[in-house]
Amino acid sequence: MVVREPDRKDRQRTNTMITAFVIGIVWGTVAAFAGRWTVEGLAGTYDVRAVISEWNSTTSEGQHGPHTSYDVLAIAEDGRAIELPTRDTFGLADPVVARLSSVTDRVLSVRGATDVVEAHHPWEKIAAMSLGLALLVLAAIVLVKVARPGGARKAPPFVAGLAFAAFVVLTPVGFGGTAYGEAADPVPNFWELRRDLWGPPPVFARGQTAVSGEAAVRVLDSRPGPPEGAEAWLSGFHVLTLRIEASRLGDTPLELAADEHGEPERVKDCAGAPGAFDGTTGLVCFVVPPGYRPEYLLVGKLEREVLLKLQ
């Protein structure tokens, strides 16, 4: 039996098909990433209230020094787990509002009481997508030149490469996974932990003046929802607004406490609302986790903590 060695034309044909397949992968990868990014930017969005329940970081040595990766999961208001690309911007038990693409269910931005993380259009991603579009045009030019002779023969491997790349980038089993996960740990109750460590602090009745060191605080009024005139983003959260008066408060911290999971966060200057607390009187706003019912205003810290009943 005589086996014929591949001739020059066979080798050229094989190399051409491999080249077409590789070009298809490059073209498909860039096109899929750029296309998805464009669709997510132009299509509708929806907001999800959530509370961070897991926060892990891993540091490893890389070619350019230490590199830290973050794994942040939150529990959405409907009970689903959601992955947040927030790195170390927010902490455990913080309430946040995630904005997701209505087409791909990927997180586009995450807002907390004091910060916002843009996951869709920071300058790095804009630069990457611009470079990707340039590579897409370059790949198309190369494809046209390569496909001129024997284009019909080169089309199948090119289409196969393109389909393979698009499948990897766009499908949930590849890089196109949504923000939603299967499960997340319960949200921790830091107030319960603090109480176990330091014991129950003194409690002042509703309407009384809570005294912590030299600071004295009294709550004049409390109501759910953001105050009038606050920036629009605040309405995306569950909010508790207090009207307080204080003397010698200084840098004494003010927090909310309840026998529930999650940590309310104070909003600086009530997001621009008129009449925000000026050091002696005014409005103090907190974003609170979904379902959270604050029972106390906590004044001071550690051995000077006192509680003022809100209910």
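**Close-up views of a predicted model**

Cysteine 285 is buried (under 20% relative accessible area, against over 50% for exposed and in between for partly exposed; 1.4 Å probe, protein chains only), with a relative accessible area of 1%. The model is predicted: local features need pLDDT of at least 70 and side-chain atom pairs pLDDT 80 or more, whereas totals for chains, interfaces and linings use all residues. Residues are numbered from 1 along each chain as its sequence is written, and side-chain values use heavy atoms, leaving out hydrogens and water.

**View A. The disulfide of cysteine 270 and cysteine 285.** The structure holds one disulfide (a pair of cysteine sulfur atoms within 2.5 Å), and its sulfur atoms are 2.0 Å apart. Cysteine 270 lies in the loop between β13 (265-267) and β14 (281-288) and cysteine 285 in strand β14, so the bridge ties together parts 15 residues apart in sequence. Strands (E, at least two residues) and helices (H or I, at least four) are DSSP runs numbered from the N terminus. The S-S torsion is about 105°, which makes the disulfide right-handed. Cysteine 270 is also buried, at 1% relative accessibility.

**View B. Arginine 106 in the loop between β4 (95-101) and β5 (107-111).** Its side chain makes a polar contact of 2.9 Å with that of glutamate 40. Such a contact is a pair of N or O atoms within 3.5 Å; within protein, one must be able to donate a hydrogen and the other to accept it, and residues adjacent in sequence count only if both atoms are side-chain atoms.

**View C. The ends of helix α4 (residues 190-198).** A side-chain oxygen of asparagine 189 lies 3.2 Å from the backbone nitrogen of tryptophan 191, capping the N-terminal end. Glycine 199, with a positive phi near 80°, follows α4.
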